[in-house]
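This briefing accompanies the sequence and the model shown below, and groups selected local features by topic. Please read each group with the coordinates at hand.

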Amino acid sequence: MVATTPPRPRPIAGRATQRVAAKGWGSHRTIGAALRAASSGSVISVGPGSYHECVVIDRDVSIVADRERGAVELISTNGPALVSRAGEATVHGLTVRGGPSGAAVQISAGTLTMVDCDVSVGWVEAEGWAKSVLHGCRIHSATGTGLRVRGNAQVAVIGSTIEDIDGDAVLVGQSARAVLRDSTVSRPTGNGLVLSERASAELDNCEIGHTGGVGVHAQEEARVVLRGGRVNDTAGDGIRLVGPTPGEGGSASADAGADEDTCVAEVTETTVVRSGSHGLAAYGAARMTVRRSTVDSAGRSGFYAESGGRIALDECRVNLSGSTGLVARGAARMEASECTVTRAGANAVFLDGDARGVLRRCVLSGSAFSAVHLAGSAAAELDQCTLSGTPQHGVRVTGRSILRMTGGKIDNAKMSGVQVEDDGDATVRHASIEHVAVGIRVETSHRPLFEDCSVGTAGQAGMEIAPGSDATVRDSRFAESGGAGIFLDRDSAATIEDCAILDAGGSGLVVWSAARPIVHTLRIERCGKNGVYLAADARGALDDVSISASQLPALFVGERANPRVRRCHVDNTERDLSVADGGEPTFIDCSTSNVRSVSMPATTTAAPRVLTSQPGGSSAPEAAGTPNEMDLDSLLHQLNGLVGLARAKHDVSTLVKLMQMVKWRQEMGLAPPPLSRHLVFAGNPGTGKTTVARLYGQILNALGMLAKGHLVEVDRGHLVGEYVGHTAPKTQAAFKRAMGGVLFIDEAYALVPDGQSSDFGQEAISTLVKLMEDHRDQVVVIVAGYPDQMGRFIAANPGLSSRFNRTLTFDDYLPDELVQIVAQQAREHDYELPGVTVEALAVYFSSADAGNGSGNGRFARQVFQEMTERHAYRVADVGIPTKEQLSMLLPADVPEHVGVDAE
């Protein structure tokens, strides 16, 4: 490319300066005459006046206007006023007027540099292999275009203005290249900049505004780069790319990722304001990469991709779009990292057709419709995103679309946090949903998965499963819902594992007519109505359910309902059970404690105890404060019955013996040894930390050292506020809920983000340390997390190391222990595992990728679930199966089994 700094014309030694004047002192009366007399390298000095001629440059010269005494005008008589055909020429200070139509300046060959020139009526045109620099120039009042670059020409526009053009301001076509720097394009009736064929352009710190069409339009195989500029007040899109239609003309498909055969744009630190249509749009197979840029007040969408268009966004912002913030339709792709979409006139994100979208660490707030809406067969991945402030849904999944959401938060949605309907499907993990009408609503023919989610402060239900729908919910928490914690509507199904329902305004779990849940390990506490409500004709299996402090009977069983309830424990409730006429529940190995009216058959009961640490405890009979040995033995039996966890079980047993000895010493008047009941649980996810913590609290209750022994599980989100002054009350509220039991802080190291010393987590820790001191005998605190992170947490506050001086290590499960977990699951769900299947499982777990969570119990349960699904698919083809076929899991049911053949 030619130089971009204006040269200073100086005569070459031995070369004369040619002087031109319309009249008076000059040697020549026309510029053309001076050019004919000039030798290569000469300077032509032109006096003030109007020169009606066509100047043709064919050698190395400099034409300099002497403007100190007046303007120097070059006015076309017919065709271009100034033509460059050869040489390296420089033109300074001329005012060039073209003819009624066509070019005012034409560069067909050679190099022409124009400095501080004014060009009007006609346009500037470069073609062939010509090169040109326009420095400090103004092009205006032209019809057709302002600057046209074709062929293989190269033009640099520096510090210049192109304005008031009747047509497109800048046209770059064929294989030409244009560079615009520190320049302005304003008020064309058409587009600001148009690139076609294989043309390219770079714009640095330029402004394009008030266009009658698009700000920047690139099509076919053109390439454009924009850095640090501004596009504003366009009638059409701010920036538009139109690539070939995917699959036609040999162009690349939307997934091919090949840029050489399509339109490409790179946009960095650019602002697009008040576009009449979309802010930035990609059509066909066009590719657009946008970094650290802003779209404000777009008439339609902020970023729009259609057909095979692909837009990748990094640290971008969309504000006040007239319609949706980010849109992808057809086979388009939209990827956004650390982007913000605020106050969109419709959705913050909308995907339709076969579109795919990936959002990482994005913030979507204040949209007029649902924050994210998926339709058609679209698929979206949301990773650590925050969605807030919508009058509709946080995420709505419709049609045949698919949602994959990991982490992040949905807050303040007036309808559902996550809504899955039609034939949509979803997998949501590690997400937090708060301040919504309904936390999660499932109304689909598929079976969405929700794992390790937290739903809080739902005005209605924490989760709703619509009639005929199904879902799987694991390791999740539903708290403070206005209605039911989980509501299963008519003829619905759900698998609920390792979940908690707390402080529901209505019943904890509602199972409506003909609904059939499978529940395994569910904790329900402090419900405004029943703990579990089973309506008429309800079915299902409920295993390992604990219900405490419900205002109405812990379980209600309606007419003709026939659920199976196994190992259910009811605590601190007036009545454990109410059964309507015709209800036929089955109870197996159930128990109660602190229940005044016991109705469950075949249960064991434990009389309420008044502990010495309770108000009024000193006046209670001595027997009331004595540990219930049968309860303690049962709890220790449960602990020892857990698969694996050898080190953790040994440490807990040692603590139990130590506490028994402490109690005996106290009863004999001896001083107790120093003892801290607070613990650190160090281990990877899914290694049984929560299960052992729950048993630990119950054991301390059985020993008479905790009033209730219940478990309150929290994480950073439950303790740390978003604003100054919010953290201490949140921490105090969580601690208060745990009074008399165990406060279990999962991923406690998150309270001390690495490298953020001023984080509100420090305030939560300080508040926690003070509360532990004030209530040292009333609450046990267990902090849990990855082994390599917990040391950093303990070191964050001097008060922590003195209170947490014992660490229990939870090792990953070994392959044979994972086999035992699957076998245990099979027994509980009435399946059989023959020896060959056990061998296939052992091979599978031994070869599983250790870095993919294969050493945790959750992985084993997932394997068991997949085995049952594969078994169902296999058995469905045998006609009417026998009881043995329905219950026998074979090696073929083991995922990706190797080395063992099924018979």
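Asp-233 lies in strand E26, and its phi is near 55°, a positive value in a residue other than glycine. This value, like the others in this briefing, is computed from a predicted model. The protein chain has 903 residues, of which 55% are buried, and it holds 13 helices and 72 strands.

- Strand E26, which covers residues 230-234, pairs with E23 in the parallel sense, and four bridges connect the two.
- Within this pairing, Gly-209 has Asn-232 of E26 as its bridge partner.
- Strand E23 (residues 207-211) is also joined by three bridges to strand E20 (residues 184-186), and these two strands likewise run parallel.

- His-430 is not a glycine either, yet its phi is positive, at about 60°.
- Whereas Asp-233 lies in a strand, His-430 is found in the loop between strand E48 (425-429) and strand E49 (432-444).
- The relative accessibility of His-430 is 38%, so this residue counts as partly exposed.

- Five strands form an open sheet with parallel pairing, in the order E69-E70-E71-E68-E72.
- Strand E69 (711-714) and strand E72 (807-810) are the edge strands, each of them pairing on one side only.
- On average, and with direction ignored, neighbouring strands of this sheet are turned by 20° against each other.
- Inside the sheet, strand E70 (residues 742-745) runs parallel to strand E71 (residues 780-785), and the two are joined by four bridges; Leu-743 has Val-781 in E71 as its bridge partner.
- Helix H4, formed by residues 689-702, lies across strand E68 (679-683) as well as E69, E70, E71 and E72, and runs at about 170° to E71.
- Helix H8 (residues 787-794) also packs on the sheet, where it touches E68 and E71, and its direction makes about 130° with that of E71.

**Aromatic pairs and a cluster**

- The structure contains 11 aromatic pairs, among them one between Tyr-283 and Tyr-304, whose ring centres are 5.8 Å apart and whose planes stand at 45°, so that the pair is classed as tilted.
- This pair links distant parts of the chain, since Tyr-283 belongs to strand E30 (residues 280-283) and Tyr-304 to strand E33 (residues 303-305), 21 residues apart.
- Both Tyr-283 and Tyr-304 are buried.
- Tyr-844 and Phe-859 form a stacked aromatic pair, with 6.3 Å from centre to centre and 20° between the planes.
- Because Tyr-844 lies in helix H11 (residues 835-847) and Phe-859 in helix H12 (residues 857-875), this pair ties together parts that are 15 residues apart in sequence.
- Tyr-844 counts as buried at 15% relative accessibility, and Phe-859, with a relative accessible area of 14%, is buried as well.
- One aromatic cluster is made up of Phe-487, Trp-512, Tyr-533 and Phe-556.

**The surroundings of Thr-324**

- Thr-324 is located in the loop between strand E35 (317-319) and strand E36 (326-328), and with a relative accessible area of 5% this loop residue is buried.
- The side chain of Thr-324 reaches the backbone nitrogen of Asn-347 at 3.3 Å.
- When neighbours within four places in sequence are left aside, the residues in contact with Thr-324 include Arg-300, Ser-301 and Gly-302, and also Ala-344, Ala-346, Asn-347, Ala-348, Val-349 and Phe-350.

**The chain as a whole**

- Of the contacts between residues at least 6 apart in sequence, 44% join residues that are at least 24 apart.
- The accessible surface of the protein chain comes to about 35,600 Å², and 48% of this surface belongs to carbon and sulfur atoms.

Notes: Residues are numbered from 1 along each chain as its sequence is written. This is a predicted model: local features need pLDDT of at least 70, side-chain atom pairs count only at pLDDT 80 or more; totals for chains, interfaces and linings use all residues. Side-chain values use heavy atoms; hydrogens and water are left out. Two strands pair if DSSP finds at least two bridges between them. Axes are lines fitted to C-alpha atoms, for helices over the stretch in contact, and angles run from 0 to 180 degrees between N-to-C directions. Contact means heavy atoms within 4.5 Å. Rings of Phe, Tyr and Trp (its six-membered ring) pair if their centres lie within 6.5 Å; planes under 30 degrees apart count as stacked, over 60 as edge-to-face and the rest as tilted. Buried means under 20% relative accessible area, exposed over 50%, partly exposed in between (1.4 Å probe, protein chains only). A polar contact is a pair of N or O atoms within 3.5 Å; within protein, one must be able to donate a hydrogen and the other to accept it, and residues adjacent in sequence count only if both atoms are side-chain atoms. Accessible areas come from the Shrake-Rupley method with a 1.4 Å probe; for residues, only the protein chains shown count as cover.
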